[in-house]
Amino acid sequence: MAPPGVARDPRCLVLVDGEHYPPVIARALAMLVAEGDRPVAALLVGGQEKLGQVPWDLGIPVEVPSGIEDREAALARVLRQTGVRRVVDLSDEPILGYTARTRMASVALWCGATYEGADFCFTPPDRSAHPAVPSVAVFGTGKRTGKTAMAGFAARLYREAGLDPVVLAMGRGGPAEPEVLAAGTRLDREHLLALVAEGRHASSDYVEDAMTSGAATVGAWRAGGGLAGAMAYTNFPAALAAAEALAPGLLVLEGSGAAIPPARAGAGVLVANAATAPEALGSYFGLYRLLLADVVVLTMCEESLGQEYMAAAKRCARSTSLSQPKVVCTVFRPYPLADVSGRKIWFGTTANERAGPVLKHHLEATFGCEVVAISHALARRDELRRDLSSLADAAGGHPVEALAVELKAAAVDVVTRWAAEHGLDVVYVDNRPQVVGGEGPLEPLLLEVAQLARTRWTP
């Protein structure tokens, strides 16, 4: 059942269900053997309709989850007991529907096994790279979860704790060759505009990480993304070598979108937007990501989300008996990296429009500025330009004294350039997490993650 031209291990574990008449399963197993496969065991994943009518004899041991053991835990157990690295799924809906089947596939991939069926084959993402120093992976369930803000927050915490971190950040706008930004590199408007003039993405994650954390960073690129976080192409191996050459005490390996760093990190922090967490964590290949995490940070946990939704998000983070990561609920709040007190500012963000009033209040109450206008179109260039034009047209001039903007998306090529052309200051803004629930505070948990990475690391 492997795709044409793909080498396969003949030893396999077969998933079966009670919706199939046992003699039919036996015929299918015989055909597998005839094709060169060698089933070593079968796992009954559910269903009773057609069982008990004939002797249950498939010619191989049949594992049945017992007691409180669920089928996901049983799959992991049997794979570990047998050492098999290939699962052949002969079950069907309704016993394994779309979500349940991809959760089983997540467990198989986590155990290092391929997962094959009638018209699919999932292979474990390559995580064979072994960092030369302890490492923490920070990865997300998708874009705009707050992953980069969390990686920068962790790197700053680790730097202040004397752990000498280096951040390796992949991005869909990353540099052609790995680029190193030394710790404490000053990244002002002129430096960022120079990157744009060279045709580069000046808001790439490694630039944001360097600006917000003060740690050394290395930028890499990646293209394409798989369901379980693999990438089609990347220069990550060269970037890892460049990061290791800096002799860090700890590596922070930052994912990109839903892509996971292709390395055996010692510990993992999974970042998920609470508004989409039930789908992103509880179904499909969200489970694979959960199994790699020691801490799950739920972001955007605003009061407007509702307690029932938050409870659902936390349940999804605990949706398997195979792993019990600690869960922290957070909100992000803007933190200007320069003084804005007493100034009238325009604020550019990727945050949803619903967050506007909260962000405005936070900036004004915490930093003593007046937020004249907010644009939520930082990732939509045409709309962003219209917002800036409207600002310039107001009262026939500039009703603001500075533009405050997150270092994301069009922050440099549109906002910073526009500010330079109109004689306005630019203040870059970090997004910092505040814990609002769960098993926080966040700082001790992130330090625990770093200690786990150091404990688990072997030369």
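**Exercise 1. In this predicted model, determine which residues of α5 meet which residues of α13, and describe how the two helices cross.**

Solution. 
Step 1. On the α5 side the contact consists of Arg 189, Leu 192, Leu 193 and Val 196, and on the α13 side of Val 412, Asp 413, Thr 416, Arg 417, Ala 419 and Ala 420.
Step 2. Sorted by class, the residues of this contact are 6 nonpolar, 1 polar and 3 charged.
Step 3. Helix α5 spans residues 189-197 and helix α13 spans residues 411-421; their axes come within 10 Å and cross at roughly 125°.
Step 4. Angles of 65 to 115 degrees count as roughly perpendicular and those over 145 as roughly antiparallel, with oblique for the rest. The pair α5 and α13 is therefore oblique.
Step 5. The crossing in which α5 passes α13 is left-handed.

**Exercise 2. Describe the packing of α4 against α6 by angle, axis distance and handedness, then list the contact.**

Solution. 
Step 1. The axes of α4 and helix α6 (residues 205-213) are 9 Å apart, and the packing angle is about 40°.
Step 2. Roughly parallel requires an angle under 35 degrees. Helices α4 and α6 are therefore oblique to each other.
Step 3. Their crossing is right-handed.
Step 4. From α4, the contact takes in Lys 147, Thr 148, Ala 149, Ala 151, Gly 152, Ala 155, Arg 156 and Arg 159. From α6 come Asp 205, Glu 208, Asp 209, Thr 212 and Ser 213.
Step 5. The class division for the contact of α4 with α6 is 3 nonpolar, 4 polar and 6 charged.

**Exercise 3. Carry out the analysis for α2 and α3, and state which orientation class applies.**

Solution. 
Step 1. Helix α2 covers residues 71-82 and helix α3 covers residues 98-110; they pack at about 30° with axes 10 Å apart.
Step 2. The cut-off for roughly parallel is an angle under 35 degrees, so α2 is roughly parallel to α3.
Step 3. The crossing of α2 and α3 is right-handed.
Step 4. Arg 71, Glu 72, Leu 75, Ala 76, Leu 79 and Arg 80 of α2 make the contact with Ala 100, Arg 103, Met 104, Val 107, Ala 108 and Trp 110 of α3.
Step 5. This contact holds 8 nonpolar residues, no polar ones and 4 charged ones.

**Exercise 4. Characterise the largest pocket: its volume, its lining and the element with the largest share of that lining.**

Solution. 
Step 1. The volume of the largest pocket is about 1100 Å³.
Step 2. Its lining counts 44 residues, with Arg 144, Thr 145, Met 300, Thr 350 and Ala 351 nearest the centre.
Step 3. Two or more lining residues come from each of α4 (147-160), β8 (165-171), β15 (326-336) and α11 (356-367).
Step 4. Helix α4 gives the largest share, 3 residues.
Step 5. By class, the lining of the largest pocket has 12 nonpolar, 18 polar and 14 charged residues.

**Exercise 5. Characterise the second largest pocket by volume, lining and residue class.**

Solution. 
Step 1. The elements β6 (120-122), β11 (231-234) and α7 (236-244) each contribute at least two lining residues.
Step 2. The lining of the second largest pocket divides into 17 nonpolar, 5 polar and 2 charged residues.

Conventions
Residues numbered from 1 in each chain as written. Predicted model: local features only at pLDDT ≥ 70, side-chain atom pairs only at ≥ 80, totals over all residues. Heavy atoms only, no water. Axes fitted to C-alpha atoms, helices over the stretch in contact; angles between N-to-C directions. Helix = DSSP H or I, 4+ residues; strand = E, 2+ residues; numbered from the N terminus. Left-handed = near helix turned anticlockwise from the far one by under 90°. Contact = heavy atoms within 4.5 Å. Nonpolar A, V, L, I, M, F, W, Y, C, P; charged D, E, K, R; others polar. 1 Å grid on protein atoms, 1.4 Å probe; cavity = no way out; pocket = protein on both sides within 12 Å on 5 of 7 lines; lining within 4 Å. Points joined across faces, edges and corners; volume = space filled by probe spheres on them.
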